[in-house]
Amino acid sequence: MAHEKPFALTQVTDPREVTTQLRQQLVNCWIAVTNSGGAAGFPFPPVRHDDVAPVADKLLERLHPQRSRLITAEFGDALAGWVVLNRNPHQLVRHWGTVNHLQTHPDVRGRGIGSALMRELRRIARDELALEQLHLAARSEEGLEDFYGRLGWRETGRWPDALRLAPGDTRDEILMLLAPL
C-alpha cells in the first residue's frame, strides 16, 4: 500500500456513491484487520471474502445523509481505514450517535489514521448532524480503552463476560461515551 503522502479523509452518505473499487477495498481492509487479530466485528478469524462481503454490503446499503455515514481515510487510491457513524431516528435517542467498525489497515497502523478518523467523525456528528454525544462498544483486553480515552472518551460501564471468543477466552464489552462533542 503506497503511503508516502498524507492521507485524505472523505465521507460517503449514499450507497450510490460507493464505487466498486471502494467496496472491494473496504472488504479487503476488513478481512486484513480481522485476520491480523483486530476487534472488527468478526470474532473468529480467519475470515474470507464470502464472510465479509455480505455484511459490508448491508452496511453500505444503509448509508443515508441523516442516519448513517461512512468516513474513509485514503493514501491516494488506497483505502487506509474507515469508520461508520450511525444515528437512531427515534425521537427519544436521536440526539446521540453510535460509532461502529473503526478500522485501520494493518499495513499503515501507527500513523494516526484511526485518531484522524475519530476526530473527523466527531466533527461530522457535532457540526453536520447536530448530535450531542456519541456511544460505542469495544472489546476488552485489546487496549481500546486507552486509545479512545486519549481522544476524550470515557468508560460508562461494562457487560461482564459478554464476548466469548473461545473456550476460556471471555471478554467484557466496554461501553464508552464521548460528550459533549
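Reader: Among contacts between residues at least 6 apart in sequence, what share joins residues at least 24 apart?
Author: That share is 63%, with contact meaning heavy atoms within 4.5 Å. One caution: this is a predicted model, where local features need pLDDT of at least 70 and side-chain atom pairs count only at pLDDT 80 or more, while totals for chains, interfaces and linings use all residues. Residues are numbered from 1 along each chain as its sequence is written, and side-chain values use heavy atoms, leaving out hydrogens and water.
Reader: Thanks! Which residues touch the most other members in the largest nonpolar core?
Author: Met118, Leu134, Tyr148 and Trp153 do, in a core of 28 residues. Such a core is a set of buried (under 20% relative accessible area, 1.4 Å probe, protein chains only) Ala, Val, Leu, Ile, Met, Phe, Trp, Tyr and Cys residues joined through side-chain atoms within 4.5 Å.
Reader: And which element gives the most to it?
Author: α3 does, with six residues. Helices (H or I, at least four residues) and strands (E, at least two) are DSSP runs, numbered from the N terminus.
Reader: What does leucine 134 contact, beyond its neighbours within four places?
Author: Its partners include Leu85, Val99, Leu121, Trp153 and Met176.
Reader: Which residues are in the second core?
Author: Cys29, Leu60, Trp82 and Val84 are among its 22 residues, and this core is separate.
Reader: New topic: how many helices and strands are there?
Author: The chain has four helices and seven strands, running β-α-α-β-β-β-α-β-α-β-β from the N terminus.
Reader: Nice, and how much is buried?
Author: Buried residues make up 43% of the 181 residues.

Conventions. Buried < 20%, exposed > 50% of the residue type's maximum accessible area, 1.4 Å probe, protein only.
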